[in-house]
Amino acid sequence: MQIPVFTVDAFTNKPFCGNPAAVCLIEDELQDEICQKISSEMNLSETAYIKKLNSKDTFSSASRFGLRWFTPTREVPLCGHATLASAAVLFYIQKNSNSSLTFETLSGELYARLSGDHIVLDFPMHTSTPQDPQEVKELIKTAVGDLAIQDVRYSSATKKLLVRLCDTYNRSVLESLKPDTESLMKSDSTGKVAGLIITLKGNQNGNYDFYCRYFSPWYGIPEDPVTGSAHTVLGSYWSEQLGKKEMLSCQCSRRGGQLKISVRGDGRVDMAGQTVTVLSGNLML
């Protein structure tokens, strides 16, 4: 059996930047064990599996698909950059004729549409609530050392902890952080936290409204280069903090990437980004 596979750099317009995802086109159902083995073999933060929902569908004509995401160690309920990569494979490589696509996922229906040279993802927005820093002090200490913290929030729906650095810091402080991911895992073994967002308010004279980094060693991802799912939390948080609906985010990992965020009034958030496909081939099973 041959499975078409692509590597797509998401949330960037330059190769070898943004967040790479593997995308597999699936004609028939694959066993979970096989999906996990493929994802471990690809060894990227996520591998996406696009499945036709009806036997008569084609990847170039259908507007609705099944979509799953696996890290090298487990299946995850939501992934933004691999969804963007999946839409890019369908729109740009399979030449899908529809202007918008619907994906049936563990997080419900997700939508992707073309908008100029960007693809816009339509995702559910996730709010966060104030978190007592003392309850997660070991994790915070491991992540940011002695840096001053302005706010700590927790999103129960996504199991993401948001740590906001003091506004007096600049981007270089966030970029300089080097948390030990094994120590992060040990600092929270309760299962409450599945991902750590470290974020910083943007400079008034800069291009970005906020900066961020994202770590998820609990899911086999030491640091994710650019994270759409984290922005379902960040979009809600920074919209409230800044009083803005339209924002530009920079995730300042080593590879880096940017997202255009639009917070809507219906409990959803639009995230626009670009992609570059850097590899195509076939898996031989």
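Buried here means under 20% relative accessible area, exposed means over 50%, and partly exposed falls in between, using a 1.4 Å probe and protein chains only. By that rule Ala194 is buried, at a relative accessible area of 6%. The model is predicted, so to speak of local features a pLDDT of at least 70 is needed, side-chain atom pairs count only at pLDDT 80 or more, and totals for chains, interfaces and linings use all residues. Residues are numbered from 1 along each chain as its sequence is written, and side-chain values use heavy atoms, leaving out hydrogens and water.

**Around Ala194**
- Ala194 sits in the loop between α5 (181-187) and β12 (195-201); helices (H or I, at least four residues) and strands (E, at least two) are DSSP runs numbered from the N terminus.
- Leaving aside residues up to four places away in sequence, Ala194 touches Thr158, Lys159, Tyr214, Ser216, Trp218 and Tyr219, where contact means heavy atoms within 4.5 Å.
- Between the C-alpha atoms of Ala194 and Tyr219, 25 residues apart along the chain, the separation is 6.8 Å.

**Helix α1**
- In helix α1 (residues 32-42), the buried residues are Cys35, Gln36, Ile38 and Ser39.
- Seen down the axis of α1, these buried residues fall within an arc of 160 degrees, so they line one face of the helix; the arc is that of the directions from the helix axis to the C-beta atoms.
- Lys37 and Glu41 are exposed residues on the face of α1 turned away from its buried side.
- The cover over the buried residues of α1 includes β1 (2-10), β3 (47-52) and β18 (275-284).

**Cysteines**
- With a disulfide taken as a pair of cysteine sulfur atoms within 2.5 Å, the count is zero.
- Cys35 is in no disulfide, and the nearest cysteine sulfur, that of Cys24, is 8.0 Å away.
- Cys35 is buried, with a relative accessible area of 3%.

**Aromatic rings**
- Rings of Phe, Tyr and Trp (its six-membered ring) pair if their centres lie within 6.5 Å, with planes under 30 degrees apart called stacked, over 60 edge-to-face and the rest tilted; the count comes to five aromatic pairs.
- Tyr49 and Phe70 have ring centres 5.7 Å apart and planes at 90 degrees, so this pair is edge-to-face.
- Tyr49 in strand β3 and Phe70 in strand β4 are 21 residues apart, so the pair links distant parts of the chain.- Phe59 and Phe65 have ring centres 5.9 Å apart and planes at 10 degrees, so the pair is stacked.
- Both Phe59 and Phe65 are buried.
- Phe210, Tyr237 and Trp238 are linked into a cluster by ring pairs.
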